[in-house]
Structures are given as C-alpha cells and as structure tokens.
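Please examine the sequence and the structure shown below.

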Amino acid sequence: MKQATEKAPRQLFWPSDSFVSQSQMTDFIGFCEREIGQVFSGYVAFEEFCAREYSQFWRLFMRWSSIAYEGELDPVCTASLCESAEFFPGVSLNYAEILLGANENEDALAVTACHLDGRREGLTRAELRSKVLRGSACVSAAGVTPGARLAGIARTSGGARGRARATATLGAG
C-alpha cells in the first residue's frame, strides 16, 4: 500500500478544459458545492471532502444521480470501515429499471452483439427497453414473481442477455 507522502504516479492523460467543463463530474461537483454551501478549490479538495464526509457524499450522489430506489437513504452506511460496512441498508434498487430507464438520448447505442462471422447487431436504448419489457411480460405470464430464483443454460447471445434483463425487471434473479 502506498504511503500518503509518496509522490503520485505520472498522470498519463489530461482531458481538455472543454471536456472537463461538460463532464458529469463537473456537474456533480457543482451540485455538491451548491448543496453544502462550499466551493472546492479543485478536484483534490473535492476528493478529500468525499473521503472525509463519505456519508454526506453518498447521500448527495443519490440525490444528484436521480437513481430510482425504494426505501430510506438513512443510514447511508452501517460502519466506518469499508470492508465491513453496508451502504444504504434501507434502500432497494432494481438494476434493470436503472439500466433501462428513460434517457435523454433514446437513440444512443446501448448494446452491440459481435458475431464470429463478423456481423454486428446493435440495439438503441429505446429498442433494448422495448425488447426487455416484452420479455418481462412473457416471463411474468409464465408465473415468475419477484424474489423467484431461476437458472438457465444458454449461449452467450443477445437473446440470453435480454431474457436475463427481463427476469431482473420483475425482481427475480
């Protein structure tokens, strides 16, 4: 493990000022500054805040990200050691709902299948959501309910991944 006094490794990439100013990280830092009434002198100062005030950081992140969840955000963390802590013990998330949720760029490519023969098949976010929701309706009609556990043997294919996501939309696994 590195000691705090050691020199950091040489940075290999410096994003342009334009890229930084338009990034989600810059947007999130600005959100945090407005919420807590503090201006960070730079990214390092923000990173120090995140480490020192991790509960506040994670609460702010959940609010900024608009991730759909059920339950209570408090407590954010059950222990001060990351190795034994449980984050957001009162929160339930639906991976498929988050992955397939509405997005400002519905036409953006979400998944690309690359076949051995060189063919490529892509689905936009809107197409993927539509396909998964149709699959979810079929899985539900077959009697799968939230909390059900399923097993399957399938090829690594878009169809298999779609059926897995459809199952996840129901809260089954």
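The side chains of glutamate 106 and arginine 129 meet in a salt bridge, with 2.7 Å from N to O; a salt bridge is a side-chain nitrogen of Lys or Arg within 4 Å of a carboxyl oxygen of Asp or Glu. This pair links distant parts of the chain, 23 residues apart: glutamate 106 belongs to the loop between α5 (95–100) and β3 (109–114), and arginine 129 to helix α6 (residues 125–141). Helices (H or I, at least four residues) and strands (E, at least two) are DSSP runs, numbered from the N terminus. Arginine 129 counts as buried, at 17% relative accessibility, whereas glutamate 106 is partly exposed, with a relative accessible area of 22%. Here buried means under 20% relative accessible area, exposed over 50%, and partly exposed in between (1.4 Å probe, protein chains only).

The model is predicted: local features need pLDDT of at least 70, side-chain atom pairs count only at pLDDT 80 or more, and totals for chains, interfaces and linings use all residues. Residues are numbered from 1 along each chain as its sequence is written, and side-chain values use heavy atoms, with hydrogens and water left out.

Side chains of opposite charge can pair when their charged atoms come close. A search of the whole structure finds 5 salt bridges. One of them joins glutamate 35 to arginine 63, whose closest N and O atoms are 2.5 Å apart. Glutamate 35 lies in helix α2 and arginine 63 in helix α4, 28 residues apart, and this pair too links distant parts of the chain.

What makes up the largest nonpolar core? It has 10 residues in all, including Phe28, Cys32, Phe46, Cys50 and Leu60. A nonpolar core is a set of buried Ala, Val, Leu, Ile, Met, Phe, Trp, Tyr and Cys residues joined through side-chain atoms within 4.5 Å. The elements that give two or more residues to this core are α2, α3 (43–52) and α4 (54–65), and α2 gives the most, with 4 residues. A second, separate core has 7 residues, among them Leu73, Cys77, Phe88 and Val91.

The search for disulfides, pairs of cysteine sulfur atoms within 2.5 Å, finds 0 in the whole structure. For cysteine 50, the nearest cysteine sulfur is that of cysteine 32, 6.6 Å away. Cysteine 50 counts as buried, at 14% relative accessibility.
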